[in-house]
Structure formats: structure tokens, C-alpha cells
Amino acid sequence: HMVEEEVECVTLSGLLSEFDVQELDAMAIDTEGYDLEIVRQLLKTPIRPRVIFLEIGLLSGRDQDEAHTILQAEGYTTRPCGYGMELLAVKRQLLPPPEPEL
């Protein structure tokens with residue numbers, strides 16, 4: 001059940017600046033349908049978390065595809081999880097090399 005309510009907002013860059021955040025190991029995003037916008041804001045900063053976990057279930061199919069595309073372009077491997085409701089993005093250099101094919 002969703003309820004619309006007016007709240008005070010800040011940008012991600014404003015929040016990172018306010019708390020002098022220089023790097024993040026992991027970032028979880030669950031903003032009830034605005035998750036892609038937060039990813040876009042993140043990619044306008046120099047910060048690249050090693051792992052990003054975001055909810056994509058409320059996004060349109062087009063926006064879900066865009067989330068995969070822009071994160072992959074930034075060097076992340078992406079995988080849907082949680083029955084397709086979430087997206088896990090991990091920096092490629094953190095993953096083990098693929099197993100050789102037999």
C-alpha cells in the first residue's frame with residue numbers, strides 16, 4: 001500500500017557533500033520508483049561503490065533496461081535478483097575470472 005506524502009528532499013551529491021563522503025563500499029537504493037534517478041545522480045559524482053543494490057520492481061521495463069546498461073557501461077556486472085524486483089551491480093574487478101569452457 002503506497003501513500004503519497006510531501007517530504008523535504010536532498011540530492012545525492014548534496015548528501016555526500018554534507019557528510020564528506022569520499023568513497024563507498026556498498027550502496028543500497030530503495031526509493032519507491034526513483035531508484036534509477038538516484039543511480040543517475042550517483043554517476044554524476046566521482047564515487048563508484050564496489051557493490052550497488054537497487055530496487056527495480058517499480059520501474060518500467062525501459063528504465064530497468066537502462067539501469068543495467070548504464071551500470072554495465074561504468075564497469076559493473078549486473079544481475080537481477082529477488083524474483084526480478086532487485087538489481088545487484090558489482091564492480092567487475094571484484095569478481096573472479098570466468099571458468100574456462102570445457
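Let's start with the hairpin: S3 and S4 form one, with four residues between them. Helices and strands here are DSSP runs, numbered from the N terminus, with at least four residues (H or I) for a helix and at least two (E) for a strand. In the turn, Gly 82 has a positive phi of about 60°. Tyr 83, in the loop between S3 and S4, also has a positive phi, near 60°, and is a residue other than glycine. Tyr 83 counts as exposed because its relative accessibility is 87%; the cut-offs are over 50% for exposed, under 20% for buried and partly exposed in between, with a 1.4 Å probe and protein chains only.

A quick word on what you're looking at. This is a predicted model, where local features need pLDDT of at least 70, side-chain atom pairs count only at pLDDT 80 or more, and totals for chains, interfaces and linings use all residues. Residues are numbered from 1 along each chain as its sequence is written, and side-chain values use heavy atoms, leaving out hydrogens and water.

Back to the strands, which pair if DSSP finds at least two bridges between them. S3 (residues 76–81) and S4 are antiparallel, with six bridges, and Cys 81 has Glu 86 as its bridge partner in S4. S4 (residues 86–91) also runs antiparallel to S2 (residues 51–55), over five bridges. Here Leu 54 sits opposite Leu 87.

Which residues have the most contacts inside the largest nonpolar core? They are Ile 29, Ile 52, Leu 54 and Leu 71, in a core of 19 residues. Such a core is a set of buried Ala, Val, Leu, Ile, Met, Phe, Trp, Tyr and Cys residues joined through side-chain atoms within 4.5 Å. H2 gives this core its largest share, four residues.
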